[in-house]
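This briefing goes with the structure shown below.

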Amino acid sequence: MTTVWLMVLCVTIVALAYIFYNYARIKKMDEGTDEMIQMSAIIRSGSETFLKTEFRSIWIVMILVALIFSLFIEKTSGLSFILGGAMSSIVCVLGMKSATYANVRTANKARETMSIGETVKVALCGGSISGLAVQCFGLMGFVLIMLITGGVSHDAVGTGLLLDLECNPTIMRMTTYSLGCSLVAMFNRVAGGNYTKAADISSDILGKIRHDLPEDDSRVPNVIADFIGDNVNDIAGNCSDLLESFVATMAASIMIGVTLYKTALNAGESFITDATFNATSIFPVVMAGVGLIGCLIGLGMAAFKKMGSNPAHELDLATWVSAGITVVLSGIAAYVIFSRVPLYTEFVLGWASPWVSAILGIISGIAIGSITEYYTSTEYKPTQKLAEMCPEGSAFVITKGDAIGSRSCLLPILVIGVALLVSGHLSGIYGIAISALGMLAFVGATVSIDAFGPIADNAGGLAESCHLPADVRVITDKLDAVGNTTAAIGKGFAIGSAAFATVSLIVAYVGNYTAVGAELTLNFASFVVVAGGIIGGALVEYFSAVLTDNTIESAKVMADEGDRMMSEPGVLEGTVTPDYNKMVAMAARLAIKKMVVPSVLALFIPIIGGFLFGVQFVGGILIGATVVAIPRAIFMGNSGGAFDNAKKYIESGSLKGYPKGSDAHKAAVVGDTVGDTRKDVVGVALDIFIKLMSTVANTLATLFTHLSLFG
């Protein structure tokens, strides 16, 4: 097994070299005019300051939690927890820095070349640093744990430094590594979401509603905070979110492999050998490794080929190439790993069962992205009809947008349900986890395409605020429109992958507390499970409300302060520069202050429930929260995306007779303001909420079994 871990580690090292090659290439490019250099430096400095401030708070919590793990659960698990947090933090910093270098260079490339193809390549180069870093660092940390601790074991026993409750140290290291990634992701998404949307909403209110100014006008002090927010949430937050899903599905696959092996032996299936167990343990990591190879090839082709004038086509091609290579290489890996060992009876297609399950996950990810695009893109009827409703006023816009969001939930959930059912029939519970991993096996490409969106958005904003020629803004607007679609698809992908990851984590959780040889059950006829399910669903609604309240309260404070600054002599005339730094500091302070309660809520709910009422109650919480959170997240993301693009549809002049500044446009701006909190705060945080609770439950399942008061 050591040879396999080393081979995968070599792939991550190659990816790391390509990441830093792109990073150096971006930094060498020209930033443009003096005004562009000055403005981009403010954005970069503000983003870095926010992350530094946020990480100071996060790492106090991380160190305390790590000590608890090592002292009371398993002596090395605190270190793996710290490693998970470190990998997630590195990806956030690297992704954010690359985006803040790429945004101004994208705008300048448009200014210098007036070529869409050349400009797309710069934005995608910056995005690929984020995407590949997610897969590279997540996989690297996982493999390092395996190499240092001797790999996966089904019968090892470990204890804490102070407490002697026995646990499987392999499982504990994997779950704490995943939990370290989860905790950083939760803080990032909650704080970053509050920061970016409070800035965005207040900027829109000031510029478009109170003062009738163009979007991203530099006279609005909140504009720079909005630019920074795109990086700290849509880049750093998204990187940590998808890294956590990627790591969690690998961990869940291996945990389920342990459960399968023990169950088979106790069922008298003596033909199952250690080689079978090793195969199920190795395959998830190998599949993640070949997926990284696919991403390197797909993104490398996009970086070096001559691009045409259709950015969407070029980005789609990179995704398809990455996914196609992943399918082929994972099939070869499945044959090599499973064809020569005895297989579980659940593998109805023999060695191909895990591969087909993985393909179902890949197809599901692409399908969910396509469905999301249909409901949110200006190219399709739902968003166009929403724009056509804008002349009727804000009430019609909100109502129609809600209907689009609700309607958009059915198909993605059907895709998820069918994929889970078929995967389970083909490969048992192992197939469910592998299907989830299939969706995430080429996460490097999907995050890269997603990161293209905020980079293009920032580039357009810089073109406007730095007073570049109108022709430049035409190019950046085209990229921004494509970026809005890729961002919406990315959010759909994040929610879909979270659904798959959470289901696999719940299956792994039931396996972790079930006695060896017993059937895996979560008894829905039990009042304990039903009570947990109802409470879990209600907690999702409460969590959503807390995030919404926090964001809108921060937005109001920032809008009022921005209005005060704009009333000062010379600001509206453009002769005096507003105090951007004060507004940036205010956004950061409000975001850090309001991130603690929602983040801690997700961490402590399963802990309190488990120690009070036991493992079945926590299982109910996880099921209830997942069932409510998935459609709620899809609704939030797609209704918000439709609101945003309906506004852009009008701003592009596509709704004849209703230009910018018209009543119809203002109604669309209201809808966009409502949608901002939905898609960029609540929707994206819900997926981490259910993943974090599931990861905590997996980590503490042994303690819940022994120490619950009433369970």
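**Helix packing and surroundings**

Helix H7 (residues 274-304) and helix H8 (residues 311-338) cross at roughly 150°, and their axes come within 7 Å. That angle makes H7 roughly antiparallel to H8. The model is a predicted one.

**Helices H7 and H8**

- The crossing in which H7 passes H8 is right-handed.
- The contact of H7 with H8 has 20 nonpolar residues, seven polar residues and no charged residues.

**Helices H2 and H5**

- Helix H2 (residues 34-72) and helix H5 (residues 169-210) have axes that come within 11 Å and cross at roughly 150°.
- Angles over 145 degrees count as roughly antiparallel, and H2 and H5 are therefore roughly antiparallel to each other.
- H2 passes H5 in a crossing that is right-handed.
- On the H2 side, the residues that meet H5 include Phe 50, Leu 51, Glu 54 and Phe 55. Among the H5 residues they meet are Thr 176, Leu 179, Phe 187 and Tyr 195.
- By class, the contact of H2 with H5 divides into 13 nonpolar residues, four polar residues and one charged residue.

**Helices H18 and H19**

- Helix H18 (residues 615-651) packs with helix H19 (residues 663-707) at an angle of about 160°, and the axes are 6 Å apart.
- H18 and H19 are therefore roughly antiparallel to each other.
- In this pair the crossing is left-handed, with H18 passing H19.
- The contact of H18 with H19 is made up of 23 nonpolar, eleven polar and seven charged residues.

**Nonpolar cores**

- The largest nonpolar core has 224 residues. Phe 142, Tyr 195, Tyr 509 and Phe 689 are those with the most contacts inside this core.
- Helix H6 (residues 222-266) gives the most to this core, contributing 24 residues.
- Tyr 509 is in contact with Val 615, Val 618, Gly 619, Leu 622, Ala 697, Asn 698, Ala 701 and Phe 704, leaving aside its neighbours within four places in sequence.
- There is also a second, separate core of 16 residues, which includes Tyr 375, Cys 390, Ile 650 and Ala 667.

- Ile 26 is found in helix H1 (residues 2-28). Its relative accessibility is 1%, so Ile 26 counts as buried.
- Not counting residues up to four places away in sequence, Ile 26 touches Ser 98, Tyr 101, Ala 102, Arg 105, Val 122, Cys 125, Gly 126 and Ile 129.
- Ile 26 and Gly 641 are 615 residues apart along the chain, and their C-alpha atoms are separated by 30 Å.
- Gly 401 lies in helix H11 (residues 394-407). Gly 401 has a relative accessible area of 0% and is therefore buried.
- Leaving aside neighbours within four places in sequence, Gly 401 is in contact with Leu 386, Ser 639 and Phe 643.

- Leu 601 has its place in helix H17 (residues 596-613). Leu 601 counts as partly exposed because its relative accessibility is 21%.
- Tyr 542 and Phe 543 are the residues that Leu 601 touches, not counting residues up to four places away in sequence.
- The C-alpha atoms of Leu 601 and Leu 520 are separated by 28 Å, and the two residues are 81 residues apart along the chain.

**Positive phi in loops**

- Met 114 is not a glycine, yet it has a positive phi of about 55°.
- Met 114 is placed in the loop between helix H3 (77-113) and helix H4 (116-149). With a relative accessibility of 39%, Met 114 counts as partly exposed.
- His 467, a residue other than glycine, has a positive phi near 60°.
- The loop between helix H13 (443-465) and helix H14 (470-513) holds His 467. His 467 is exposed, and its relative accessible area is 58%.

Terms used: Residues numbered from 1 in each chain as written. Predicted model: local features only at pLDDT ≥ 70, side-chain atom pairs only at ≥ 80, totals over all residues. Heavy atoms only, no water. Axes fitted to C-alpha atoms, helices over the stretch in contact; angles between N-to-C directions. Helix = DSSP H or I, 4+ residues; strand = E, 2+ residues; numbered from the N terminus. Parallel < 35°, antiparallel > 145°, perpendicular 65-115°, else oblique. Left-handed = near helix turned anticlockwise from the far one by under 90°. Nonpolar A, V, L, I, M, F, W, Y, C, P; charged D, E, K, R; others polar. Buried < 20%, exposed > 50% of the residue type's maximum accessible area, 1.4 Å probe, protein only. Contact = heavy atoms within 4.5 Å. Core = buried A, V, L, I, M, F, W, Y, C linked by side-chain atoms within 4.5 Å.
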